[in-house]
Amino acid sequence: EPPSPADRRAAGRWLRTFELERFAARSPRELSYGQLRRVLLARAMVNSPRLLLLDEPCAGLDAATRDEVLAHVERLARSGVQVVMATHHEGDLVPSINRVLHLKNGRVVAA
């Protein structure tokens with residue numbers, strides 16, 4: 001089903017929020033991996049979710065793009081979006097994430 005005018009406005013708002021307007025007319029295949037990851041994060045926000053589930057959101061990103069993605073995640077968390085993130089790197093946890101569950105071989109080793 002084609003996007004409604006409201007859908008297009010919401011998408012444009014999130015592309016601006018993430019400073020991605022220049023990619024709006026490109027197909028996913030025309031984007032770099034880092035650009036695509038940021039666009040997908042913006043896309044996830046179009047319907048204003050209260051809960052954002054992220055699985056390794058920084059995997060494969062260069063340092064600058066990683067910092068940018070984490071800054072966006074932190075701003076979203078501070079705005080009231082609940083963030084649940086799976087990561088293998090503690091450095092990917094933003095300050096607003098206040099509960100961490102450590103697993104090893106599928107078992108809880110620290111909470």
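Me: What makes arginine 78 count as exposed?
Reply: Its relative accessibility is 63%. Exposed means over 50%, buried under 20%, and partly exposed in between (1.4 Å probe, protein chains only). So 63% puts arginine 78 in the exposed class. This is a predicted model: local features need pLDDT of at least 70, side-chain atom pairs count only at pLDDT 80 or more, and totals for chains, interfaces and linings use all residues. Residues are numbered from 1 along each chain as its sequence is written, and side-chain values use heavy atoms, with hydrogens and water left out.

Me: How do you know that glutamate 74 and arginine 78 form a salt bridge?
Reply: Their closest N and O atoms are 2.5 Å apart. The criterion is a side-chain nitrogen of Lys or Arg within 4 Å of a carboxyl oxygen of Asp or Glu. The pair meets it, so the name applies. Glutamate 74 itself is buried, at 10% relative accessibility.

Me: Which residues are linked in a network of salt bridges?
Reply: Arg66, Asp67 and Asp92. Arginine 66 pairs with aspartate 67 at 3.2 Å and with aspartate 92 at 2.8 Å. Aspartate 92 lies in the loop between β2 and β3 (102-104) and arginine 66 in α3, so this pair ties together parts 26 residues apart in sequence. The whole structure has four salt bridges.

Me: Is aspartate 92 buried or exposed?
Reply: Buried, because its relative accessible area is 4%. Aspartate 67 has 45%, so it is partly exposed. Arginine 66 is also partly exposed, at 24%.

Me: Why is α1 called a helix, and which residues does it span?
Reply: Helices are DSSP runs of H or I with at least four residues; strands are E runs of at least two, and both are numbered from the N terminus. α1 covers residues 5-17 and has 13 residues, so it passes the length test. It reaches 18 Å from first to last C-alpha, close to the 18 Å expected at 1.5 Å a residue. The expected span is 1.5 Å times one less than the number of residues.

Me: Which residues of α1 are buried?
Reply: Ala10, Gly12, Trp14 and Leu15. Glycine 12 has 18% relative accessible area, so it is buried. The cover over these residues includes α2 (33-45) and α3 (63-78).

Me: What makes the largest nonpolar core a core, and how many residues has it?
Reply: It has 26 residues. Such a core is a set of buried Ala, Val, Leu, Ile, Met, Phe, Trp, Tyr and Cys residues joined through side-chain atoms within 4.5 Å. Phe18, Leu41, Val73 and Leu76 have the most contacts inside it. α3 gives the most, with five residues.

Me: Which residues does phenylalanine 18 contact beyond its neighbours within four places in sequence?
Reply: Leu41, Ala42, Met45, Glu68, His72 and Leu76. Contact means heavy atoms within 4.5 Å.
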